[in-house]
Amino acid sequence: MKRSQNEQNGNEPRESMREALRLFSYLRPYRRHFYPALVCLFITAGLSLAFPYLMGELIGGAVDVGSDSVLSKIDSIALTLAGVLALQAFIAYWRIRWFSFAGESGLADIRRDTYSKLVRMPMYYFSEHRVGELSSRIAADLTLIRDTLIMTVPQIIRQSVMLVGGLVFIFISSWKLTLVMLACIPVVVIFISLFGRGIRRMSRNAQDEMAGSNVIVEETLQGIVSVKSFSNEAFETRRYSSKLARFVELTLGEAKARALFVSFIIFALFGAITFVVWFGSGMLGRGEILLHEFNRFVLFSIFIGAALGPFPDILSQVHKAVGATSRVREILGDETEDVGMADTLQVTRFNGAVEMRNVSFRYPSREDIEVLSAVGFKVSP
């Protein structure tokens, strides 16, 4: 049983990611905008790599100031750099527009399908799931998925291209320094994988508690007449405060873990860059690397650091989106009832007598409260 539980826990992230990828099928009808946006994303990420390369050439070319050929060369590099930045800005404009169109349109389809699924659920479904919880899934969870589709996914692709491209360029500049830098990466990667699982679990629990607090607000406001009739204002306030306290506790726990995560990444990342630059400075002093190669290596190292820096927050956002996706997929995967009238039972005559014997009842969503306890009565026609 223990092995089975461990296997289940190991497969949970994989299954959650598979569920998240299923939602990307909603982008298929808008592929004429989504695919060009992806192409633009790769182009702008590639053009970003031209900045440290040309900047390194510009700094290296300024060493021999005074020569007419050198001055002409740095002017040419500066003009090329300005042209690259202008082209990148133009392509980025269309990339953002197309990503927004595809993401917003796909999310509207997800919202429509989720709502259509909910209104076709049988009545017992709404006894097992509170209305406030379902409303929170349509509002908060789908908004989180929207932010992931429109902002987080493009950012992941862009930072990944910059990271891989930067590693290629620094390897060309100095393979020895590159190997020193790569030796520092496994520690960071292992730490990310260990923390990611815990942050994902805490994020999901916090979202569930927020949905629970929304349930109380919606139930109270919908039944405000009953609340006022029984003077239950203080009781409902305590219920809501208790849920909020639990949500704040989980959110602060998640923030603490994320803060530790980000702090370690900052220290390890820039500490590694400092160590590599120190090592490279020694190589420069011994004549093992040229000045312009070293300048280019440092600039690309800074770009790699800038690409890795947002990854903790990006991964945290992805973990939240995966948790939200699983809840939306639960709704989309549930069985609905037949709303047609073809199989309606035809009753020709009622006897009219109603009798209940020793009936007890609890709502599935409120099992702690017994609504009816051993009720019995008989009503004649």
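A residue counts as buried under 20% relative accessible area, as exposed over 50%, and as partly exposed in between. Trp94, at 28% relative accessibility, is therefore partly exposed. The same cut-offs apply to the burial classes given below. The model is predicted.

The secondary structure of the chain consists of 11 helices and two strands. Along the sequence, the order is α-α-α-α-α-α-α-α-α-α-α-β-β. The chain has 381 residues, and 36% of them are buried. Its accessible surface is about 22600 Å². Carbon and sulfur atoms account for 62% of that surface. Contacts were also sorted by sequence separation. Among those between residues at least 6 apart in sequence, 82% join residues at least 24 apart.

The interior was examined next. In soluble globular proteins, nonpolar side chains tend to be buried together. The largest nonpolar core of this model has 28 residues. Leu142 and Ile145 have the most contacts inside it. Four helices each supply at least two residues of this core: H2 (31-61), H3 (68-119), H5 (131-173) and H11 (311-333). Helix H5 gives the most, with nine residues. A second core is separate and has 16 residues. Among them are Leu163, Ile170, Val180 and Ala307.

Aromatic side chains form six pairs in the structure. In one of these, Phe34 and Phe99, the ring centres are 5.6 Å apart and the planes stand at 80 degrees. Planes over 60 degrees apart count as edge-to-face, so the Phe34–Phe99 pair is edge-to-face. Phe34 lies in helix H2 and Phe99 in helix H3. The two residues are 65 apart, and their pair links distant parts of the chain. Both Phe34 and Phe99 are buried. Together with Tyr35, they form one aromatic cluster.

The pair of Trp94 and Trp98 has another geometry. Its ring centres are 5.7 Å apart, with planes at 35 degrees. Stacked pairs need planes under 30 degrees apart, and edge-to-face pairs need over 60. The Trp94–Trp98 angle lies between these limits, so the pair is tilted. Both residues belong to helix H3. They are four residues apart, about one turn of the helix. Trp98 is partly exposed, with a relative accessible area of 26%. Trp94 is likewise partly exposed, at 28%.

A search of the whole structure finds seven salt bridges. Glu233 forms one of them with Lys228, with the closest N and O atoms 3.6 Å apart. At 32% relative accessibility, Glu233 is partly exposed. Arg246 forms another with Glu249, and here the closest N and O atoms are 3.5 Å apart. Arg246 and Glu249 both lie in helix H9, three residues apart, about one turn of the helix. The relative accessible area of Arg246 is 36%, so this residue is partly exposed.

Glu288 is joined to Arg286 by a salt bridge whose closest N and O atoms are 3.0 Å apart. Glu288 is partly exposed, at 42%, whereas Arg286 is exposed, at 52%.

Ser231 has a positive phi of about 55 degrees. It is found in the loop between helix H8 (224-229) and helix H9 (233-285). Its relative accessibility is 55%, so Ser231 counts as exposed. Asn358 also has a positive phi, of about 50 degrees. In contrast to the loop position of Ser231, Asn358 sits in strand E1 (residues 354-361). At 59% relative accessibility, Asn358 counts as exposed.

A nonpolar patch was found on the surface. It is formed by Phe361, Tyr363, Ile369, Val371 and Leu372. Together these residues have about 400 Å² of accessible area. Val371 lies in the loop between E1 and strand E2 (372-379). With a relative accessible area of 43%, Val371 is partly exposed.

Conventions. Residues numbered from 1 in each chain as written. Predicted model: local features only at pLDDT ≥ 70, side-chain atom pairs only at ≥ 80, totals over all residues. Heavy atoms only, no water. Buried < 20%, exposed > 50% of the residue type's maximum accessible area, 1.4 Å probe, protein only. Contact = heavy atoms within 4.5 Å. Areas by Shrake-Rupley, 256 points an atom, 1.4 Å probe, with all protein chains shown as cover. Patch = residues over 30% accessible without salt bridge, like charges linked within 9 Å, V, L, I, M, F, W, Y side chains within 5 Å. Salt bridge = Lys/Arg side-chain N within 4 Å of Asp/Glu carboxyl O. Core = buried A, V, L, I, M, F, W, Y, C linked by side-chain atoms within 4.5 Å. Phe/Tyr/Trp six-rings, centres within 6.5 Å; stacked < 30°, edge-to-face > 60°.
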